[in-house]
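Here's a quick walk through one protein chain, written for someone who would rather look at geometry than read a summary. Have the viewer open and follow along.

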Amino acid sequence: MSGTHTDGGRHAVVVGAGIAGLAAAHRLLEHGARVTVLEASERVGGKLLPGEIAGARVDLGAESLLARRPEAVGLARAVGLADRLQPPATASAALWTRGALRPMPKGHVMGVPGTAAALAGVLSDEGLARIERDAELPRTEIGDDVAIGSHVAERFGREVVDRLVEPLLGGVYAGDAYRISMRSAVPGLFEAVRTHATLGEAVRAVQAKTAAAQRTGPVFTGVAGGVGTLPLAVADSLRARGVRILTGTPVTDLCREPDDGWRLVAGGEVLHADAVVVAVPAPAAADLLRAEAPGAAAELSAVEYASMALITLAYRRDEARLPEGSGFLVPPVEGRGIKASTFASRKWGWIAEENPDLHVVRTSVGRHGETEILHRDDDELVELSRHDLKAATGLDAAPVAARVTRWDDGLPQYPVGHHARVARVRAHLAGLSGLAVCGAAYDGVGVPACIASAYAAADQISGDLRAVQELTAHPVRSLHGGAGE
């Protein structure tokens with residue numbers, strides 16, 4: 001396997017075939033490049049993984065796309081999936097809190113309410129009264145960044161964080177709300193907090209801005225057959241347009257050449273490229289960049305990751321009685337094993353239509369710093385899930401099939417100062433023409449954020465810095481797509 005940067009036009013190599021790497025390759029084609037994609041594992045798609053259980057097609061990774069950003073939906077349409085985009089059949093989720101399944105409150109921004117009334121029924125009377133004190137407190141200066149949990153607890157009390165902010169943020173980052181950056185995770189709220197005297201005023205300002213935008217249609221969408229089919233469709237489209245995608249081909253060396261090109265060693269062979277997009281998780285990116293960009297490598301080495309596991313269960317429909325709605329979230333303060341559950345057959349109409357005799361249910365376990373539970377074997381995680389499902393819903397039937405999918409170091413953490421770290425990484429790389437980075441470790445962990453990051457990287461090495469500058473200043477907000485994201 002070899003190539004030069006003189007034959008067949010400008011040659012760009014993308015390292016990593018997750019959705020970010022595939023999207024970068026798609027964008028590079030639009031810029032007229034000849035593209036090679038190198039993937040260390042034996043498959044494309046990264047954290048988007050289609051699978052099956054009891055003969056039913058399901059997602060074994062992320063299951064929904066934020067529909068009110070253009071990137072993911074646009075890419076799906078571009079690769080022929082327009083007729084398979086489907087919003088959730090129900091978006092009515094619940095919280096398993098204070099001993100009962102309670103309807104997910106409305107009127108909040110990632111769990112932060114505009115008024116105490118928005119959380120009636122979820123919080124105690126004391127918790128609701130504490131929210132009202134926000135209007136009496138002096139303004140809090142938050143500086144360049146602040147942990148969302150810490151700020152909300154200071155203004156509204158810990159109960160809001162522990163009962164609502166934590167489970168919602170936990171569904172996105174598998175992280176700790178008291179460490180997660182408001183600036184990176186909820187950038188719109190961060191900007192509003194900086195310009196309003198109280199947190200309640202800031203939330204209401206964000207809500208008013210959203211209402212003024214008059215966005216219609218579903219917030220999220222899925223793909224019939226699973227979101228995991230999106231990277232497969234992108235890869236098929238790329239191959240049809242001449243892109244080489246080589247799996248089982250880890251890149252072990254990346255260095256600058258005298259003519260300003262790049263030399264890569266992959267699978268024991270040498271490739272030459274005019275430009276390289278590094279679209280792998282932060283630790284792998286750090287290893288590749290250490291020789292040419294030690295400062296960027298040091299920053300990326302410090303990015304922490306959380307591990308989690310998804311437990312997928314299939315039940316005979318006539319034996320499994322479930323509450324209405326798409327599922328439920330579980331605040332960590334409840335002390336349960338699972339952190340969320342999705343009633344997948346209820347949430348996604350295509351699963352129910354294809355499998356009318358089955359109920360498919362997903363649960364998730366694992367948060368940043370919480371490793372003991374992930375040391376349990378698959379059978380133990382299935383039993384833990386069954387125990388908690390019974391306690392929450394009364395479901396006592398035996399599943400006809402179960403699958404455990406582990407995502408070790410799957411979710412990058414965005415602590416306070418994450419935006420500054422990303423800016424420093426890009427500053428270290430600025431002097432290396434033809435090199436860019438993208439993926440979940442930078443500008444947002446959701447699928448649209450990863451694709452936006454990929455497009456910005458491809459534009460950057462083509463000479464257009466506007467998108468990467470915009471993302472560095474304004475990361476993409478990643479929302480929770482319901483229960484059990």
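Let's start with Cys438, which is buried, with a relative accessible area of 0%. Bear in mind that this is a predicted model.

**The cysteines**

What is the closest cysteine sulfur to that of Cys438? It belongs to Cys450, and at 8.3 Å the two sulfurs are too far apart for a bond. Looked at from the other end, Cys450 is in no disulfide either, with the sulfur of Cys438 as its nearest cysteine sulfur. Cys450 also counts as buried, at 8% relative accessibility. As a reminder, a disulfide is a covalent bond between the sulfur atoms of two cysteines. How many does the structure hold? The count is zero.

**The five-stranded sheet**

Next, the parallel sheet. Five strands make up an open sheet in the order β12-β2-β1-β16-β22, with parallel pairing. At its edges sit β12 (244-246) and β22 (435-437), each of which pairs on one side only. On average, neighbouring strands here are turned by 15 degrees against each other, if you ignore direction.

Zoom in on the β12 end. Strand β2 (residues 34-38) pairs with β12 in the parallel sense, over three bridges. There you'll find Leu38 standing opposite Leu246 in β12.

Helix α10 (residues 282-289) lies across β1 (11-15), β16 (275-278) and β22, and runs at about 150 degrees to β16. Helix α16 (residues 447-461) lies across β16 and β22, running at about 170 degrees to β22.

There's also a charge-over-ring arrangement to look at: the charged end of Arg27 sits over the ring of Tyr455, 4.5 Å from the ring centre.

**The seven-stranded sheet**

Now for the mixed sheet. This open sheet has seven strands in the order β8-β7-β18-β19-β20-β17-β21, and its pairing is mixed. Here the edge strands are β8 (100-103) and β21 (401-412), each pairing on one side only. Neighbouring strands are turned by 25 degrees against each other on average, again with direction ignored.

At the β8 end, β7 and β8 run antiparallel and are joined by four bridges. Trp96 stands opposite Leu101 in β8. Helix α14 (residues 378-393) lies across β7, β8, β17 (305-316), β18, β19, β20 (358-365) and β21, at about 70 degrees to β17.

**The aromatic cluster**

A search of the whole structure turns up three aromatic pairs, and two of them are set out here.

| Ring pair | Centre distance | Angle between planes | Geometry |
|---|---|---|---|
| Trp96 and Phe328 | 5.9 Å | 80 degrees | edge-to-face |
| Phe328 and Phe343 | 6.1 Å | 65 degrees | edge-to-face |

Why do both get called edge-to-face? Planes over 60 degrees apart count as edge-to-face, and the angles are 80 degrees for Trp96 with Phe328 and 65 degrees for Phe328 with Phe343.

Put together, ring pairs link Trp96, Phe328 and Phe343 into a cluster.

**Ser478 and its contacts**

Last stop: Ser478, in the segment after α17 (466-473). At 4% relative accessibility, Ser478 counts as buried. Which residues does Ser478 contact, leaving aside neighbours within four places in sequence? The list is Met110, Val172, Tyr173, Ala185, Gly444, Val445, Gly446 and Ala449.

Technical notes
Residues numbered from 1 in each chain as written. Predicted model: local features only at pLDDT ≥ 70, side-chain atom pairs only at ≥ 80, totals over all residues. Heavy atoms only, no water. Pairing = 2+ DSSP bridges. Helix = DSSP H or I, 4+ residues; strand = E, 2+ residues; numbered from the N terminus. Axes fitted to C-alpha atoms, helices over the stretch in contact; angles between N-to-C directions. Contact = heavy atoms within 4.5 Å. Phe/Tyr/Trp six-rings, centres within 6.5 Å; stacked < 30°, edge-to-face > 60°. Lys NZ or Arg CZ within 6 Å of the ring centre and 35° of its normal. Disulfide = S-S within 2.5 Å. Buried < 20%, exposed > 50% of the residue type's maximum accessible area, 1.4 Å probe, protein only.
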